[in-house]
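Me: I'm new to reading protein structures, and I'd like to take a close look at one part of this one. Could you walk me through how its helices pack?

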Amino acid sequence: MKKDILIIFAVILALAVLIGGSNFQSVEEYYLVHIDDITPESETVFISIDCSDVLNHLDRLDKALLDEIPPGGVILPRTEYVLRPGDTAFDLLKRTARHNAIQMEYQGADRNAFGSVYVQGIGYLYEFSCGPESGWVYLVNGKFPDKGCSGYELSDGDWVQWIYSCERSNFEF
Amino acid sequence: MKKTVSLLLAFLILCTLSVPCAAAAAPEAVLRAAEEIVAYKKTAPDGTVGENLFAGDFLNAAGSTAGDWYPFGMAALGMADDYAAYLAALRENVRVRYQAEGALSPNKATEWHRVILAALSCGADPTRFCMGPDGAPVDLLADGVFFRENVGRQGLNGYIWALIALHACPCETPANAVNTEETLFAALEERQLANGGWAAAGEAADADLTAMALIALAPMAAKNGAAKAAADRAIECLASLQNAEGGYENGGFANCESCAVVVAALCENGVDPEKDPRFTKNGRTPVDALLSYRLPDGSFTHAFISDPENPSAVPMEPNDMSCQQALYALAAYYNLLTGKGRIFDFSGKPLSDAGWDVLPAPPSAAEQAADTLRQRLGDFFAEQTNRKTVIAAALALAVILGAVALAVRAKRRKGRKDA
């Protein structure tokens, strides 16, 4: 009887420690926080987040945001990340923002009439934070894609630039 | 043979002679087109048609551009639906957003203006709309119009829609308001271009902005000479912007929404877009152009060709923004034809604040206990460091203990056997 109890106790202890020592995450959560290591075989992409145009239009900037502008307007320099299958430009931004603790707010595709994710703010800079023509735009390999960021699937080697422009009417599409 | 040929020839000649001419749309046809938009929206992918649009997943869009224009367009036509459900969802959406800094939006006053119109459409008083973070009712007019600092931060739309919301709501302007009808009109008047239109930048008038400004001016034209003059110039500008197909363009692209907002603007100002000769080009009117975007399933599409500046609008496919705008444009036109009031005017409508203080039901005791447990476990596990070492050590300990237990057991058994 005593030994049985001892065995049972040992098993329970092992289980308790195994469970206690394990980090339970949903699959989504895991893939969101886990940053893949870059290996020679990995497909990778690059992302940068830049708000330097704000420095050209400081007179238009919401005064409360002065402290949020990083030096040179570089919120994130060009950084390499592993490309996961099916990654969209938005998926990359979401993961990157989280990994670098950069504030990012977005509106789901079902909450606007465009059926596409709308990135409302990055680093506390929102549309119109720096004048009526200001807001975030994204480029892939130097060109404006022909779709919203949640619909643009990335390929190996792509460079996604998120740029805060204070003169969006002057952008050439 | 000769008879057949001559008949055929006559037929062919008749065909080439027939000039496409605009047949004025009967009110019933306009209403039917509007009803079919709603029927399309109520149709699930499997073909079943819901009884109400304001039900289920659609209510998740309350408080956003994906949802709010539907109660607006439908109420304008007196269409029956579950407005109470939409209102409840809208109230909760606003209440939650108000708990964060910036409330409905850090920079866009138009978020308030659109919600005000949706609230009015559901018969709710927007000045006592929902529970605010301090327990007092949220006053959407005060926050979005009367006391909104830098209401033009997002550009012209801020001034235009503030004025529309101000006129829509039958309530008094506070004496110390930062933005009043006068200041908002002045902001528009000083930005009106020489050609009578408005634009975000530059001198070329933009049809959409001009039409929206015209909607804002409509209630003022009767009693304000300057507003009437500005509105007349805007109407002339719109007439000059109409393209050869009778429609309107944005950035050079003919599209549904531009036609829709122009139709709505003309109707709000008492101009019949089908009968006013200024708006007939090559036998086509803005209403013809608008209806040309109608698809067989009752929805409306954005454009016939791909527009690189609007990547999500697939040509010849149903487009939600096009549906919304076409809906209220058709409502405005129907109301003009049938002698009803302007669709942006809620002065005669009864409004109530009943339900402003409704809060979501608190979770049951069981739900709260489960939530607390989940949180505590989460905290505990989150503190685990160096998991691999812990697991290894624990496993080793367990194995040792297990081995000890087994050894003791074997020894005891042996002992019993011997006994």
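**Helix packing in chain B**

Reply: Happy to! Let's begin where two helices touch: B:Thr110, B:His113, B:Ile116, B:Leu117 and B:Leu120 of α5(B) are in contact with B:Asn157, B:Gly158, B:Trp161, B:Ala162, B:Ile164, B:Ala165 and B:Ala168 of α7(B). Sorted by type, the residues of this contact are eight nonpolar, four polar and no charged. Please keep in mind that this is a predicted model.

How do we describe such a pair? Two packed helices are described by the angle between their axes and the distance between the axes. Helix α5(B) covers residues 110-121 and helix α7(B) covers residues 156-168; their axes come within 9 Å and cross at roughly 25°. Angles under 35 degrees count as roughly parallel, so α5(B) is roughly parallel to α7(B). The crossing of these two helices is left-handed.

Now stay with α5(B) and look at another neighbour, helix α3(B), which spans residues 69-76. The axes of α3(B) and α5(B) come within 8 Å and cross at roughly 40°. That angle makes α3(B) oblique to α5(B). Here, too, the crossing is left-handed. On the α3(B) side you will find B:Trp69, B:Pro71, B:Phe72 and B:Ala75, and they meet B:Arg114, B:Leu117 and B:Ser121 of α5(B). The residues of this contact divide into five nonpolar, one polar and one charged.

Next, go back to α7(B) and follow the chain to helix α8(B), residues 181-189. Helices α7(B) and α8(B) pack at an angle of about 145°, with their axes 9 Å apart. Once again the crossing is left-handed. From α7(B), the contact uses B:Leu156, B:Tyr159, B:Ile160, B:Ala162, B:Leu163, B:Leu166 and B:His167, while α8(B) brings B:Glu181, B:Leu184, B:Phe185, B:Ala187 and B:Leu188. By type, these residues are ten nonpolar, one polar and one charged.

The contact takes 37 residues from chain B and 36 residues from chain A. About 3000 Å² is buried between the two chains, and carbon and sulfur atoms give 64% of that area. What about charged pairs? Side chains of opposite charge can pair when their charged atoms come close. Between chain B and chain A the count is two salt bridges. One of the pairs joining the chains is B:Arg153 with A:Asp62, whose closest N and O atoms are 3.9 Å apart.

Definitions and conventions
Residues are numbered from 1 along each chain as its sequence is written. Chains are lettered from A and ligands numbered from 1 in the order in which they are written. This is a predicted model: local features need pLDDT of at least 70, side-chain atom pairs count only at pLDDT 80 or more; totals for chains, interfaces and linings use all residues. Side-chain values use heavy atoms; hydrogens and water are left out. Axes are lines fitted to C-alpha atoms, for helices over the stretch in contact, and angles run from 0 to 180 degrees between N-to-C directions. Helices (H or I, at least four residues) and strands (E, at least two) are DSSP runs, numbered from the N terminus. Angles under 35 degrees count as roughly parallel, over 145 as roughly antiparallel, 65 to 115 as roughly perpendicular and the rest as oblique. A crossing is left-handed if the near helix is turned anticlockwise from the far one by less than a right angle, and right-handed if clockwise. Contact means heavy atoms within 4.5 Å. Ala, Val, Leu, Ile, Met, Phe, Trp, Tyr, Cys and Pro count as nonpolar, Asp, Glu, Lys and Arg as charged, and the others, Gly among them, as polar. Buried area is the accessible area (1.4 Å probe) that two parts lose on being put together, summed over both. A salt bridge is a side-chain nitrogen of Lys or Arg within 4 Å of a carboxyl oxygen of Asp or Glu.
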